[in-house]
Amino acid sequence: MEALTDRSVLYALTGAGLIALGFYGFIVRRALIHRLIAFNVIGSGIFLLFGGAAYFGGGVDPVPQALIITGIVVALALTAFAAALGVRLAQDGDEDDDSDDDAEGGP
Amino acid sequence: MSLAFDLALCILILGAAALAVFGRDLFGSIVFFIVYGVLIALAWITLGAVDVSLAEAAIGAGVTGVLLIGAWQGIRDGGGGEPEAPTPWPLHLAAGGAAAALCGVISFAVLSLPGHDGLAGEVPENQGALELGNPVTGVLLGFRAYDTLLETLVLTAALAAVWSLTPSQFWGGIPGPNHVKPPDGVLASFGRMLPPRGLIVAVYLVWAGADAPGGAFQAGTVLAAVWILIVLAGLRDEPRLSRLPLRALIILGPLVFLGVGLIGMLLGAPLSYPEGQAKPVILVIEYALTLSIAATLALLIAGPARRR
């Protein structure tokens, strides 16, 4: 078996770089938005690593492609929930804990 | 395409990611994140993965970008946007060391990977049974349809989680701010002009998704964009979240998908398609999913109810 093609390695290594960059940013940045961006950079870095490694000259293996599309949607679901949590936290922060919190609870 | 182009693109991607993660200004960071998403989409095109590219451009750059801008505004309005405290330098050092080690280990793993063809040969061989020309759709709705079913449920669960953050006095109310715009403004004209075209693009993307790049997720995102545009232009307000037809729309796709799986159980094997009828069944699932995904994405962006 021969090694991966040049392009495959290039994109997989870019993915590795993105994962490291996002990881570093996730730890050192404090603002929620920055952390969400760093989380998404880690995510797309993983996808690029995955897709790059599955590249074989004629295109990317369809099975990883489908898994990556699934991953993009799941990352979005998590980002949406984290963003909503952050907004709620900011709104409640200046109301100093009044009683309307969760009398009825969620769905 | 030449390797020089790939190299330039990769450098641009890393640069845009660094500007997005380490930018001083939050809004600027979000803008760079959207640029980053578009560059990643370009990388997927050069790799020949057009389906992933569409999903990344629409969901990774578009919807996530809009969501982050909404969160940025919501946090600022809530009084949470004060400047961040500087991180102590030992933390920088430790995080930098860990990140470098992570990058090193992954790079080592990549360089020691053997060449392969993966499942790229198997998929086209078996895809005849599904009568689909697009191998990615074949994997998403055929070979690994179970993943896709759970993924749509994850999206629905995320919406339920977002709704659970509703302050109790607004439960079941209307999400988002009230966008009142002059009826003859530029945005309102766009709001009238673009939706019909968006609808056509969405229908085409689902229909073409069977044999060419496209599919339920990409089309659902286009429909969600149409929805958001209409709301932003002030032509229609967001719907009341307690409305039954809205809830039915959200759950329609996962229910149809799950229903097909259960019918498969009666016909022999659970989570399978009836033999010879795979393509029509897959198309029904895709159209139902498109509607549900559109509603779910648009409501995820709108967030929990804020008005009665």
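What share of the contacts in chain B with a separation of 6 or more comes from residues 24 or more positions apart? In this predicted model, such residues account for 74% of those contacts. For chain A, the corresponding value is 57%, counted among contacts between residues at least 6 apart in sequence.

Chain B has 11 helices and 2 strands. Read from the N terminus, its elements run α-α-α-α-α-α-α-β-α-α-α-α-β. Taken along the principal axes, a box of roughly 60 × 55 × 35 Å holds the C-alpha atoms of chain B, and 41% of its 308 residues count as buried. Chain A comes to 3 helices and 0 strands, in the order α-α-α from the N terminus. Of the 107 residues of chain A, 60% count as buried.

The two chains meet through 86 residues from chain B and 78 residues from chain A. On the side of chain B that touches chain A, two or more residues are given by each of helix 1 (3-22), helix 2 (26-46), helix 3 (50-77), helix 4 (89-111), helix 6 and helix 7 of chain B. Helix 3 of chain B supplies the largest share of this side, with 14 residues. By class, the side of chain B that touches chain A divides into 59 nonpolar, 19 polar and 8 charged residues.

One pair of helices across this contact can be followed in detail. Two packed helices are described by the angle between their axes and the distance between the axes. The axes of helix 3 of chain A and helix 6 of chain B come within 8 Å and cross at roughly 60 degrees. Helix 3 of chain A and helix 6 of chain B are therefore oblique to each other, and the crossing is right-handed. Helix 3 of chain A contributes Pro62(A), Val63(A), Gln65(A), Ala66(A) and Ile69(A) to the contact, while helix 6 of chain B contributes Pro135(B), Val136(B), Val139(B) and Leu140(B). Sorted by class, this contact of helix 3 of chain A with helix 6 of chain B has 8 nonpolar residues, 1 polar residue and no charged residues.

Leu140(B) is buried because 29 other C-beta atoms lie within 10 Å, the cut-off for a buried residue being 20 or more. Leaving aside residues up to four places away in sequence, Leu140(B) touches Ala66(A), Ile69(A), Thr148(B) and Gly215(B). Of these, Gly215(B) is 75 residues away along the chain, yet the C-alpha atoms of Leu140(B) and Gly215(B) are separated by 9.5 Å.

Thr148(B), another of the residues that Leu140(B) touches, leads on to helix 7 of chain B, where Thr148(B) is among the buried residues. Helix 7 (residues 145-163) has 19 residues and reaches 27 Å from its first C-alpha to its last, close to the 27 Å expected at 1.5 Å a residue. The other buried residues of helix 7 of chain B include Ala145(B), Leu149(B), Glu151(B), Thr152(B), Leu155(B) and Trp163(B). An α-helix has 3.6 residues a turn, so residues three or four places apart point the same way. The buried residues of helix 7 of chain B pack against helix 6 (135-143), helix 10 (244-266) and helix 11 (278-302) of chain B, together with helix 3 (62-93) of chain A.

Note on methods. Residues are numbered from 1 along each chain as its sequence is written. Chains are lettered from A and ligands numbered from 1 in the order in which they are written. This is a predicted model: local features need pLDDT of at least 70, side-chain atom pairs count only at pLDDT 80 or more; totals for chains, interfaces and linings use all residues. Helices (H or I, at least four residues) and strands (E, at least two) are DSSP runs, numbered from the N terminus. A residue is buried if 20 or more other C-beta atoms lie within 10 Å of its own, exposed if 12 or fewer, and partly exposed in between; C-beta atoms are placed from the backbone. Two residues are in contact if their C-beta atoms, placed from the backbone, lie within 7 Å. The expected span of a helix is 1.5 Å times one less than its number of residues. Ala, Val, Leu, Ile, Met, Phe, Trp, Tyr, Cys and Pro count as nonpolar, Asp, Glu, Lys and Arg as charged, and the others, Gly among them, as polar. Axes are lines fitted to C-alpha atoms, for helices over the stretch in contact, and angles run from 0 to 180 degrees between N-to-C directions. Angles under 35 degrees count as roughly parallel, over 145 as roughly antiparallel, 65 to 115 as roughly perpendicular and the rest as oblique. A crossing is left-handed if the near helix is turned anticlockwise from the far one by less than a right angle, and right-handed if clockwise.
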